[in-house]
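Please look over the sequence and the structure first.

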Amino acid sequence: MRITSLAFATLAVAMLTWDLAAQAPRARDDANAPLTVLKPARVFDGDGMHEGWIVRVKGERIDYAGPEAGPLPPGAKAIDLPGATLTPGLVEGHSHVLLHAYSETSWNDQVSREGLALRVARAVNHLRSTLMAGFTTVRDLGTEGAQYADVELKQAVNQGIIPGPRMLVSTKAIVATGSYQPKTFVLEWTIPQGAEEADGIDSLTRVVRDQIGKGADWIKLYGDYRWGPLPGSHPTFSLDEMKLAVETAKSAGVPVAVHAGTVEGMRRAALAGVATIEHGNDGTPEIFKLMAEHQVAWCPTLTAGAGPWPPAGGLDSPAVARKRTALKAAIDAGVTIIAGSDVGTFPHGDNARELDAMVALGMTPAAALKSATSIAGKVLRMDTQIGQVKPGWFADLVAFDGDPTKDIAALKRVRFVMKNGTIYKQP
Ligand SMILES: [Zn+2]
């Protein structure tokens with residue numbers, strides 16, 4: 001009887017010790033986590049504007065956001081940001097960190113003449129420029145011939161080896177055989193393509209799974225491209241192939257993004273139940289209605305391309321007018337819009353030009369800002385982590401001189417950048 005009770009007591013003490021040992025280091029870390037109090041003029045929390053709010057950051061998370069309450073806690077560091085607006089870290093919904101501006105080197109020459117190490121060296125700079133521009137998350141939609149370098153760049157960022165935004169990556173992206181490029185070589189040569197070819201049940205299923213196995217957070221398909229004897233873009237994958245890709249990726253919890261500019265390419269993608277359609281240049285009211293019905297978000301990439309923004313020809317050219325019409329049709333249809341620029345076709349760090357364009361072509365500045373924060377968080381399935389200034393969310397916080405909900409150009413005046421609680425830029 002005595003022995004049993006002693007044994008029980010010993011066990012209880014052992015369990016208590018184990019429990020304390022397991023809990024203690026965590027509790028100590030929490031207690032010692034550095035506390036930073038940010039004091040901007042106002043806070044855009046991903047939804048609305050709040051004058052006079054402060055934001056308290058503990059470790060890598062937001063600890064408090066609201067009106068200033070009481071004196072600074074002991075040991076806390078205050079950062080004053082007078083006149084500035086604090087927002088959630090911006091999201092770039094469509095980047096190519098392994099490309100550099102086409103005005104410097106054409107896509108063809110980058111893919112066929114620049115080696116992997118050279119491209120990665122540039123990408124390291126691109127990631128830093130992106131972060132310093134206030135973009136703390138990117139969805140990178142294809143390495144364009146640079147293999148799986150995006151997966152390893154993401155590892156380098158996450159391991160603190162290089163500064164950069166959070167990365168959601170898609171590795172090589174997937175194209176239908178014969179539809180992509182480079183095309184300008186003698187026909188008897190087999191030229192490596194800027195994305196991975198796959199078709200039909202066997203190879204498409206295998207390639208989707210293989211890319212997920214290699215680390216793809218998103219699967220990117222090219223639903224149409226410039227191919228065949230006729231001018232312009234034409235559909236590539238069949239509806240059944242797109243459905244197959246979506247179904248295959250879904251098992252692993254991986255969403256699908258589809259490049260589509262033609263009405264038929266967009267229609268197939270919407271019916272296949274993809275998560276986002278990229279570009280959508282020729283989108284009609286009917287197509288945007290279909291997208292809204294199937295809850296497919298649109299990433300317009302209004303400023304994609306080598307040219308400057310605003311375009312040299314002004315905002316009245318037929319190409320810009322087409323984008324304006326598409327944007328209005330999408331807004332009228334109630335399509336969810338995520339900001340994404342196709343940066344890489346133009347210089348990294350100039351990502352905010354896309355939000356400039358969204359406003360110039362018909363969105364309110366606040367709506368454009370939401371599409372790069374809270375809405376982007378939802379579309380990227382990270383809405384409990386990023387895109388809002390809320391306790392428990394990652395401390396991805398940026399501040400700009402002025403008020404970007406009144407003047408979107410304020411996004412070019414970056415005062416402060418914090419990602420995951422670490423400060424990269426401050427006044
Ligand atoms: Zn792209």
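In the counts below, Ala, Val, Leu, Ile, Met, Phe, Trp, Tyr, Cys and Pro are taken as nonpolar, Asp, Glu, Lys and Arg as charged, and the others, Gly among them, as polar. The model is a predicted one.

**The largest pocket**

The largest pocket holds about 880 Å³ of space. It is lined by 40 residues, and those closest to its centre are Arg226, His279, Asn281, Ala304 and Asp342. Two or more lining residues come from each of strand S11 (219-222), strand S12 (224-226), strand S14 (256-260) and helix H9 (318-333). H9 gives the largest share, four residues. The table sorts the lining of the largest pocket by class.

| Class of lining residue | Number in the largest pocket |
|---|---|
| Nonpolar | 15 residues |
| Polar | 16 residues |

**A three-stranded sheet**

Three strands form an open sheet in the order S6-S7-S8, and their pairing is parallel. Strand S6 (90-95) and strand S8 (166-169) are the edge strands; each has a single partner strand, so one side of each has no neighbour in the sheet. From one strand to the next, the twist averages 15°.

Four bridges join S6 to strand S7 (residues 135-140) in the parallel sense. Glu92 has Val138 in S7 as its bridge partner. Helix H4 (residues 149-158) packs on this sheet and touches S7 and S8. The direction of H4 makes about 160° with that of S8.

Note on methods. Residues are numbered from 1 along each chain as its sequence is written. This is a predicted model: local features need pLDDT of at least 70, side-chain atom pairs count only at pLDDT 80 or more; totals for chains, interfaces and linings use all residues. Side-chain values use heavy atoms; hydrogens and water are left out. On a 1 Å grid over the protein atoms alone, a cavity is a set of points where a 1.4 Å probe fits but cannot get out, and a pocket is an open set with protein on both sides within 12 Å along at least five of seven lines; lining residues have an atom within 4 Å of a point. Grid points are joined across faces, edges and corners, and a volume is the space filled by probe spheres set on the points. Two strands pair if DSSP finds at least two bridges between them. Axes are lines fitted to C-alpha atoms, for helices over the stretch in contact, and angles run from 0 to 180 degrees between N-to-C directions. Contact means heavy atoms within 4.5 Å.
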